[in-house]
Amino acid sequence: MKKDGDVINGMDDWESTLDNIDWKEVLQEIDSALLDNLAAELGFRSYELLKRASQMLTPDYYLIHLSDGRWGLWSPTHYKHQDPIFAHSREEMFALIQDGFQLPNEEAVQYVQETLDSVRQTQRCIQCGFEFDPGDPLREEWGMESGVKAPEQFCSPECAMESVVKQLKKDHGWE
Ligand SMILES: [Zn+2]
């Protein structure tokens, strides 16, 4: 059974534990967890991959065009209190941006149109189901062409390999 003294000692421990926590590090960890949540909401494996597949509209807003045809507008700075905004078409996304940013002149309209044009539609990996950018230069470095059937269907060499292994197992009746 615990005595009062134990509880107080326990609190001391708690306080010294709190004192010893590197809060900056903790907050950074929370931030990166939240950013990964944001990425998951948009169908990506990680924040890094989401950012790579997106186009910057302003430093505060990025555009993404998902494999199911939806467009998304998300913020790397306001993500804690602002969910991504989705549109079903390019026109709808343009209208949302025009409303939200109150585009002041023809030049701004032109800029938004060009940015929309530069967004490459992502694909969905048939192995893991995550979105990926088929035009990511990283893919060339991976050299996925060797031995993988239809490498363009996979987000990564890992997924391509998993699929090969799965097929092998199936062919040999191992599962
Ligand atoms: Zn994958």
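The questions below take up strands, ring pairs and a metal site in turn.

Author: This is a predicted model, in which local features need pLDDT of at least 70 and side-chain atom pairs count only at pLDDT 80 or more, while totals for chains, interfaces and linings use all residues. Residues are numbered from 1 along each chain as its sequence is written, and side-chain values use heavy atoms, with hydrogens and water left out.

Reader: What makes strand β2 largely enclosed by the rest of the structure?

Author: Five of the five residues of β2, residues 61-65, are buried, so the strand is largely enclosed. Buried means under 20% relative accessible area, exposed means over 50%, and partly exposed is in between, with a 1.4 Å probe and protein chains only. Strands here are DSSP runs of E with at least two residues, helices are runs of H or I with at least four, and both are numbered from the N terminus.

Reader: Which way do the side chains of β2 point?

Author: Tyr61, Leu63 and His65 point one way, Tyr62 and Ile64 the other way, and all are buried. In a regular strand the side chains alternate between the two faces of the sheet.

Reader: How do you know that β2 pairs with β1 and with β3?

Author: Two strands pair if DSSP finds at least two bridges between them. Three bridges join β1 (residues 55-58) to β2, and four join β2 to β3 (residues 71-74). β1 and β2 run antiparallel, as do β2 and β3. Thr58 has Tyr61 as its bridge partner in β2, and His65 has Trp71 in β3. The hairpin of β1 and β2 has two residues between the strands; that of β2 and β3 has five, and in it Gly69 takes a positive phi near 95°.

Reader: Why is the pair of Tyr61 and Phe101 called edge-to-face?

Author: Rings of Phe, Tyr and Trp (its six-membered ring) pair if their centres lie within 6.5 Å; planes under 30 degrees apart count as stacked, over 60 as edge-to-face and the rest as tilted. The centres of Tyr61 and Phe101 are 5.4 Å apart and the planes are at 90°, so the pair is edge-to-face. This pair links Tyr61 in β2 to Phe101 in helix α4 (residues 90-101), 40 residues apart. Tyr61 is buried at 16%, whereas Phe101 is partly exposed at 32%.

Reader: How many aromatic pairs does the structure hold?

Author: The structure holds three aromatic pairs. One of them, Tyr47 and Trp74, is edge-to-face, at 5.7 Å centre to centre and 80° between the planes. Tyr47 lies in helix α3 (residues 47-53) and Trp74 in β3, 27 residues apart. Tyr47 counts as buried at 14% relative accessibility, and Trp74 is buried at 1%. Ring pairs link Tyr47, Tyr62 and Trp74 into a cluster.

Reader: What makes the arrangement around the zinc ion tetrahedral?

Author: Donors are N, O and S atoms within 2.8 Å of the metal (3.2 Å for Na, K and Ca), and since water is not among the atoms, sites may look incomplete. The SG atoms of Cys125, Cys128, Cys155 and Cys159 lie 2.3 Å from the zinc ion and are its protein donors. Four donors count as tetrahedral if all angles lie between 85 and 135 degrees. The angles here are 106 to 116°, so the arrangement is tetrahedral.

Reader: How are the donor residues spaced in sequence?

Author: The spacing is C-x2-C-x26-C-x3-C.

Methods: Four donors count as tetrahedral if all angles lie between 85 and 135 degrees; four count as square planar and six as octahedral if opposite donors are over 155 degrees apart and all others between 65 and 115; anything else is irregular.
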